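The stops below can be selected one after another.

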Amino acid sequence: MNPLIALSIALFAAVHAAPQSSGTTPVPILSENSNLQPDGSFQFAFQSGDGVQVQNQGTLKEIEVPKADGSGTEKEQVIVQSGSYSYQAPDGQQITVTYTADENGFHPQGAHLPVANANGQ
């Protein structure tokens with residue numbers, strides 16, 4: 001499985017695992033849209049009644065990757081993604097994460113996340 005697709009699935013699951021309101025009342029989806037293109041690029045977004053908001057887009061990109069036999073590189077098409085999600089934490093703090101996911105990995109940013117210093121720590 002493409003690592004970026006796996007990452008998208010994991011991210012989607014993490015957002016749904018975010019703290020939910022207590023009780024048994026279903027949470028309504030207030031808005032939802034998606035757009036899937038034949039080349040694999042896509043956009044989707046939704047907002048739920050408990051304040052969860054998610055948006056994600058993926059675009060096709062051609063990158064150079066090492067050949068399996070070590071004899072140089074070859075071009076490969078991958079989907080790179082960017083987006084954000086937000087929800088209210090149990091302590092009332094609004095958690096917002098923006099991210100990119102590309103050939104260089106997953107790069108989240110949020111006010112609540114630690115930031116590496118110049119030494120990478």
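Is K75 buried or exposed? K75 counts as exposed, because its relative accessibility is 57% (buried means under 20% relative accessible area, exposed over 50%, partly exposed in between, with a 1.4 Å probe and protein chains only).

Before moving on, note that this is a predicted model, in which local features need pLDDT of at least 70, side-chain atom pairs count only at pLDDT 80 or more, and totals for chains, interfaces and linings use all residues. Residues are numbered from 1 along each chain as its sequence is written, and side-chain values use heavy atoms, with hydrogens and water left out.

E62 lies in strand β3 and K75 in strand β4, so the pair ties together parts 13 residues apart in sequence (strands are DSSP runs of E, at least two residues, numbered from the N terminus). E62 is partly exposed, at 47%.

The structure holds 2 salt bridges. Select E103 and K61 for another: their closest N and O atoms are 2.8 Å apart. E103 is in the loop between β5 and β6 (105-109), K61 in strand β3 (residues 53-66), 42 residues apart.

Next, select S84 in strand β4. S84 counts as buried, at 14% relative accessibility. Leaving aside neighbours within four places in sequence, its contacts (heavy atoms within 4.5 Å) are Q53, V54, Q55, V97, T98 and Y99.

Key. Helices (H or I, at least four residues) and strands (E, at least two) are DSSP runs, numbered from the N terminus. A salt bridge is a side-chain nitrogen of Lys or Arg within 4 Å of a carboxyl oxygen of Asp or Glu.
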